Amino acid sequence: MLWVILSTVGAAMMATAMIFVRLRAARSPINERKIILPPLFMSTGAGMFLFPVFQLGWPKVLEAFAVGVVFSVFLIRSSKFEVRDDSIYLIPSRSFIFILIGLLLFRILLKIIIGQTVSFGETSGMFFLLAFGMILTWRIAMLIKYKKLQKSINRTTTA
C-alpha cells in the first residue's frame with residue numbers, strides 16, 4: 001500500500017510540475033526540438049521492462065498504450081499555436097490545467113481499481129505505457145500542427 005501511495009503522490013507532483021513547465025514554455029517560441037525531446041527522454045523509462053516484475057503480456061501492453069492514445073485527444077485539442085514576430089508560440093490554455101488534473105484523477109482511480117487485481121509492478125508498467133502513449137501521440141500531433149504552421153509562415157514570408 002505504501003508503494004501505491006508514494007507512486008500516486010509522485011504522479012501528482014509530476015503533473016503539477018508539468019503545469020508550471022507548460023505555462024513557462026509559453027513565454028518563448030517553440031521549435032521541433034522542444035516538441036520531440038519529451039517523449040525521447042521519457043522513453044528511457046522503458047528500461048523498467050528489463051526487470052521481470054514490470055513485464056507485461058502483449059494484451060496489457062496494447063490496452064495500456066491504447067488508453068494513453070485515447071487520453072491524448074484531450075491534450076491535442078487543448079494545444080494551440082500562434083504566430084508572433086515570425087515565431088511560433090504555444091498558447092497557454094486554461095483548459096489544459098483542468099484536463100491534466102482530470103486525467104490525473106482518472107488515472108489514480110484506474111490505478112486503484114486495476115491495482116486490486118494486478119500486481120504493483122504490472123500496474124506500474126501499464127501506467128508507464130499509458131503515459132507514454134498519451135505523450136507520444138500528443139507530441140506527434142503537435143509536431144504535425146507545428147510543421148503545417150511553419151510551412152504557412154514560410155509561404156507568406158517568401159511571397
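Student: Which side chain does Arg84 meet in a salt bridge?
Tutor: The side chain of Glu82, at 2.7 Å from N to O. A salt bridge here is a side-chain nitrogen of Lys or Arg within 4 Å of a carboxyl oxygen of Asp or Glu.

Student: What kind of model is this?
Tutor: It is a predicted model: local features need pLDDT of at least 70, side-chain atom pairs count only at pLDDT 80 or more, and totals for chains, interfaces and linings use all residues. Residues are numbered from 1 along each chain as its sequence is written, and side-chain values use heavy atoms, leaving out hydrogens and water.

Student: How are helices and strands picked out?
Tutor: They are DSSP runs, numbered from the N terminus: helices are H or I with at least four residues, strands are E with at least two.

Student: How accessible are Glu32 and Lys147?
Tutor: Glu32 is partly exposed at 28%. Lys147 is partly exposed at 34%.

Student: What does Glu122 pair with?
Tutor: Lys60. The closest N and O atoms are 3.4 Å apart. This pair also links distant parts of the chain: Glu122 is in H5, Lys60 is in helix H3 (residues 58–78), and they are 62 residues apart. Glu122 has 22% relative accessibility, so it counts as partly exposed. Lys60 is partly exposed at 26%.

Student: How do H2 and H5 lie against each other?
Tutor: Their axes come within 9 Å and cross at roughly 165°. Axes are lines fitted to C-alpha atoms, for helices over the stretch in contact, with angles from 0 to 180 degrees between N-to-C directions. H2 and H5 are therefore roughly antiparallel. Under 35 degrees counts as roughly parallel, over 145 as roughly antiparallel, 65 to 115 as roughly perpendicular, and the rest as oblique.

Student: Which residues of H2 meet H5?
Tutor: Among them are Ile35, Ile36, Pro38 and Met42 in H2. On the H5 side they include Phe128, Phe132, Ile135 and Leu136. Glu32 and Lys147 belong to this contact as well. By class, the contact has 13 nonpolar, two polar and four charged residues. Ala, Val, Leu, Ile, Met, Phe, Trp, Tyr, Cys and Pro count as nonpolar, Asp, Glu, Lys and Arg as charged, and the others, Gly among them, as polar. Contact means heavy atoms within 4.5 Å.

Student: Now Ser124. Buried or exposed?
Tutor: Ser124 is buried, at 15%. It is found in H5. Leaving aside neighbours within four places in sequence, Ser124 is in contact with Met48 and Phe54.

Student: And where is Leu23?
Tutor: In helix H1 (residues 2–25). Leu23 is partly exposed, at 36%. Beyond its neighbours within four places in sequence, Leu23 is in contact with Pro92 and Ile97.

Student: New topic. What is the phi of Asp85?
Tutor: Near 50°, a positive value in a residue other than glycine. Most residues other than glycine have a negative phi. Asp85 lies in the loop between strand E1 (80–84) and strand E2 (87–91). Asp85 is exposed, at 75%.

Student: What about Asp86?
Tutor: Its phi is near 60°, again positive in a residue other than glycine. Asp86 lies in the loop between E1 and E2. Asp86 is exposed, at 59%.

Student: How many helices and strands does the chain have?
Tutor: Five helices and two strands. Along the sequence they follow the pattern α-α-α-β-β-α-α.

Student: And what does the C-alpha trace span?
Tutor: About 60 × 30 × 20 Å along its principal axes. Of the 159 residues in the chain, 33% are buried.

Terms used:
Buried means under 20% relative accessible area, exposed over 50%, partly exposed in between (1.4 Å probe, protein chains only).
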